[in-house]
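Q: Could you take me on a close look at one part of this structure? I'd like to follow a single spot and then see what lies around it.

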Protein chains: 2
Amino acid sequence: MMQTGWEQAWLSYAEPKDACEVPVTCCPEEDAVLGRAKEELALAAKELPQGKMIWLKQSEEWDKEAYQICVGASDITITGGSSVGILYGVFGLLRRLRTKGLTDGSWSESPKNPLRMLNHWDNIDGSIERGYSGRSFFFSNDKVLFGERTKMYARLCASVGINGVVLNNVNVRQKATNLITQEYLPAVREISELLASYGIRTFLSVNFAAPIELGGLSVSDPLDPDVIQYWRRQTQILYREIPNFGGFLVKADSEGRPGPFTYGRTHADGANMLAKCLEPYGGLVIWRCFVYNCSQDWRDTKTDRARAGYDHFAPLDGLFLPNVILQIKNGPMDFQVREPVSPLFGGLTKTNQMLEVQAAQEYTGQQIHVCYLIPMWKEILSFRTYVTEENDTVADIISGKTFGQTNCGICAVANTGDDQNWTGHDLAAANWYGFGRLAWDPELSSEEIAQEWIVLTFGAQEKLKKVLGDILLNSWKAYENYTSPLGIGWMVNPSHHYGPNVEGYEYDRWGTYHRATRTAIGVERGSAGTGFAAQYREPNASMYEHVETTPEELLLFFHRIPYDYRLKDGRTLLQYIYDTHFAGVEQVEHMIEAFCTCKELIDEKRFARILSRLTAQLQSATEWRDRINTYFYRFTEQPDEHGRCIY
Amino acid sequence: MMQTGWEQAWLSYAEPKDACEVPVTCCPEEDAVLGRAKEELALAAKELPQGKMIWLKQSEEWDKEAYQICVGASDITITGGSSVGILYGVFGLLRRLRTKGLTDGSWSESPKNPLRMLNHWDNIDGSIERGYSGRSFFFSNDKVLFGERTKMYARLCASVGINGVVLNNVNVRQKATNLITQEYLPAVREISELLASYGIRTFLSVNFAAPIELGGLSVSDPLDPDVIQYWRRQTQILYREIPNFGGFLVKADSEGRPGPFTYGRTHADGANMLAKCLEPYGGLVIWRCFVYNCSQDWRDTKTDRARAGYDHFAPLDGLFLPNVILQIKNGPMDFQVREPVSPLFGGLTKTNQMLEVQAAQEYTGQQIHVCYLIPMWKEILSFRTYVTEENDTVADIISGKTFGQTNCGICAVANTGDDQNWTGHDLAAANWYGFGRLAWDPELSSEEIAQEWIVLTFGAQEKLKKVLGDILLNSWKAYENYTSPLGIGWMVNPSHHYGPNVEGYEYDRWGTYHRATRTAIGVERGSAGTGFAAQYREPNASMYEHVETTPEELLLFFHRIPYDYRLKDGRTLLQYIYDTHFAGVEQVEHMIEAFCTCKELIDEKRFARILSRLTAQLQSATEWRDRINTYFYRFTEQPDEHGRCIY
């Protein structure tokens, strides 16, 4: 069963004391989405300026999701490019009212990215892969869940402009394979209709082996006529039930998942076959590029997992149909606290692309540690790929600006679950909120987003805005400080990925080695090593090729560096590791101190909840500090220059 | 369900071709045990010399378990100190017949150790903790199993003189707590009666918190009158059902198990309370000394797990009642491939003691690797404690020779399960067989035991005896060679304990650290370190105190040693580590080569089974070699002197 208690998160409007009529006039013919818009205004009645008339209008010339708001002396006009635009306008108006307040005048907004999606890694049994916020609110015990919580979820998503949701885990196992069949479609439709009334399209992750597992075929070869026939029929059934269905997300030939490789076919063969089936209905195939050899031998120093995505997909550029999108993780590895941007961005020029980031804090503290990810995502989005002379950033590419594409955008692995506060850590909700806001407008600053979220969630007290703002904005760097240094990544406990284990993956099959010795650490990825740096366009390739020009925060991602190497500020690499690890723990101590001064400003329940997570974070950060420092001390037997305790 | 197919192991007698009468005359009044003796003779009819009369006699003056066999021209007389002695005589006769053959004359035997027990770590759900041979044949799904397999098990045990069996895991959880109650006693009695007919007493592991979990009390304080009353009543019920019940095995205050510490009581308080309840019925309390702090902080270099057993129990010497036995693991840590003998042997002088060894190969290859443990156990048994001037070995102490005790002996954690061949690896049965034989007579050599077992199991072909004998006798040393060096122990994967992981426990809570750095490895346990060496009596204490006099195979158990330290043969420690790891893998390669030359001498099924385990062993041994060598190479950057490949 889905937990029944949940909170309103950033949509906790002031409760109307009395019955409180909102004077709304709706000009276009009312549809489900406009119904939601009006309903939202009614819920937020107490937040609205008294006595002002609200007009909802439509302008067919605009982008469907765009809106304009005009505030006059006696009325407010929300004009949208469609019902959805109007709904976004309503949420935009309410956000403005609750954060900055309203003055007369007008402003317009339209989203920069066509697709702004959440990927839920929810399993059909109700567990969530890499879920840190309780159980799924979509599935339980092989059943689809639907209720008031689903609606609250849809409101939260729509309020920040999320317009697509993949309900189930990319690892499609057991009964989840059946989600595309008549057995589950009526239940999926119920969710899909609700989400659609909030402007959100529903997608499903599919099992590439479904023709075998469900269709009774002996192969799932994408060029086999029976297989094609299977998918065609299945798609037909699906769209008969859910006409506005979004499409499929596919993890193929990855970490044990089936795919076209089995039959000597390419990813283009696989994706295009599905795309042809979906095309008549306007459906999309979102095909993940997370393909690498996960049975590497640690003795093999030639294979470099970082190369795998580019090596697999760059040769296929231009071969995918227009309704196929390649979904690319932000970095070449796997959502580490620090990675370079995937060289596929800039590598692909004739392929629709979607950036995948991870709001679920798999490697960034699992929602026990606070780690506000917007600054990380902004760095990724603003990375210049040099694929063109201008408009060449990741943000430009995925928004369609670079190549004029429309099937493109950004998605995040969701960090939600059925916990009362939705995200386990109260402060982790800032990543959900922030993802939506950033996907809508990548120009928003990390500070702006944080402040919006704080005010909407906790109110507008200046002190709280300052303290929580500082905690959020320093949190990513703090986490990076006390965990694995300078882009080396990993050093986590295998399998669950929480807490330090410096050699946890060092002799394993996952291709994530740091190869530390008594003198140096890191995998050389320049031309003297695996050659990964050359996958970037110039001048990035040259920048990463050389130790001196590699941005220091990525030094150990690209190069093998001796501990006595002097960084730009004169410190040795070793001393830098010590310093950052002591500093990171101190940052957490300061967070706790500062947070405790806000006791009176937050309700008891949330204060206790956050404090208990911060306390757990401090303990874990201390463990990280000590284990990392000890590890390098044992290799070098060089004490800390400042005489601090290393065990 | 218990697997239905099983093999006869070392009791695979020649099948009688025709109905084959054995002329047996039984002089004492026939009881259940004598019935088994005659039954066994009938089963082995084809093995017996044709036409000789067999007399079964009893001599009341002898030790009950002793027997004498006189072989005359026309008859064989087996005289026992009791029915059980006669049964042992029958098994002794059959063993002699099937190994050396029979000549006229007589010989006598009596067991050196009063208690010769197996501890099964079988859980009531049917799983086996550290079980590598399938599921339990005593329990399944909270039910007690009983059938023909139970009888085969009893015959195998009795044939090697095992006279006590603990049915259930020392970690008594869930429904296993209820085994001592009316709910399970009728089923336990069924097993108990069968075992008793083979001279085996049945014991149960009990949950020290039973008064709380079952008795509805709020405490399990051993001095609380209600708690005492609970155990008294429970014992009464138990003995009413099973009059010859052996007693309780208790793991208290150990690895999370409940115990007297909770109530500020000592282990003596706890054990004696139970002992008083059991005393009227002749029952025993076997109390485990495996007590240590399993929540240690790796930063804490003062606490030494090796010290814990002695520190906890030596001060209690003399405080235990006569029907209490302390069960002491062979080493101070936990069944590693190489440990010194526990200093409790020789430390305790007024306490009944039982040596606990582990036939289940938890840390010695999990019955995938062949590891014949008799040589290890013999080293332990022959260790001189210097507690007295003579008769001071571990064997002397546990047999009662040193202090004249009778409640003492030896036990092994069983390596059995419901696999067809009982022990997963066919060759692992040699440890079960050998344990019984060694417990009966610690003077038997490892070679003798191995050869007996080979002939009884595979037949008497000289080539097979030579090849399998070599494999068995070299196997422990080979395993030691390619795993953790010179007594340092651990370096295994946490939790399941299979395969290498050099830093697997290094930063964990289990107190099993090696603290390797770029220059040295090991925990100093002399007076300059944790002082563990001083827990031994002189001259052992001085021997272990100094690096020069510490036996080299234990060097890294007792001392922190630099890699460039020269061993007695002039090699550096580092080169020794490299050499032994290359050598260990070569030994496995030679085992496989030699074994393959025996293809024609073993039935296909067993040949394939053994070969597949040897192949898996080679793969695992190679991984051990490479990971250990690489680990030390990374610390030292010193290549192998012989230029062999280190990754």
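A: Let's start at B:Val285, which, setting aside neighbours within four places in sequence, is in contact with B:Gly247, B:Phe248, B:Val250, B:Ala271, B:Leu274, B:Ala275, B:Leu278, B:Asn323 and B:Val324; contact means that C-beta atoms, placed from the backbone, lie within 7 Å. This is a predicted model, where local features need pLDDT of at least 70 and side-chain atom pairs count only at pLDDT 80 or more, while totals for chains, interfaces and linings use all residues. Residues are numbered from 1 along each chain as its sequence is written, and chains are lettered from A and ligands numbered from 1 in the order in which they are written.

B:Val285 also belongs to the largest nonpolar core, which has 382 residues; there B:Val285, B:Cys157, A:Val285 and A:Cys157 touch the most other members. Such a core is a set of buried Ala, Val, Leu, Ile, Met, Phe, Trp, Tyr and Cys residues joined through C-beta atoms within 7 Å, and buried means that 20 or more other C-beta atoms lie within 10 Å of a residue's own.

Now for how the chains meet. On the interface, 14 residues of chain B are in contact with 14 residues of chain A. The chain B side divides into 7 charged, 4 nonpolar and 3 polar residues, where Asp, Glu, Lys and Arg count as charged, Ala, Val, Leu, Ile, Met, Phe, Trp, Tyr, Cys and Pro as nonpolar, and the others, Gly among them, as polar. The copies meet through the same surface, because 100% of the interface residues of chain B are also interface residues in chain A.

Note on methods: Two residues are in contact if their C-beta atoms, placed from the backbone, lie within 7 Å. A residue is buried if 20 or more other C-beta atoms lie within 10 Å of its own, exposed if 12 or fewer, and partly exposed in between; C-beta atoms are placed from the backbone.
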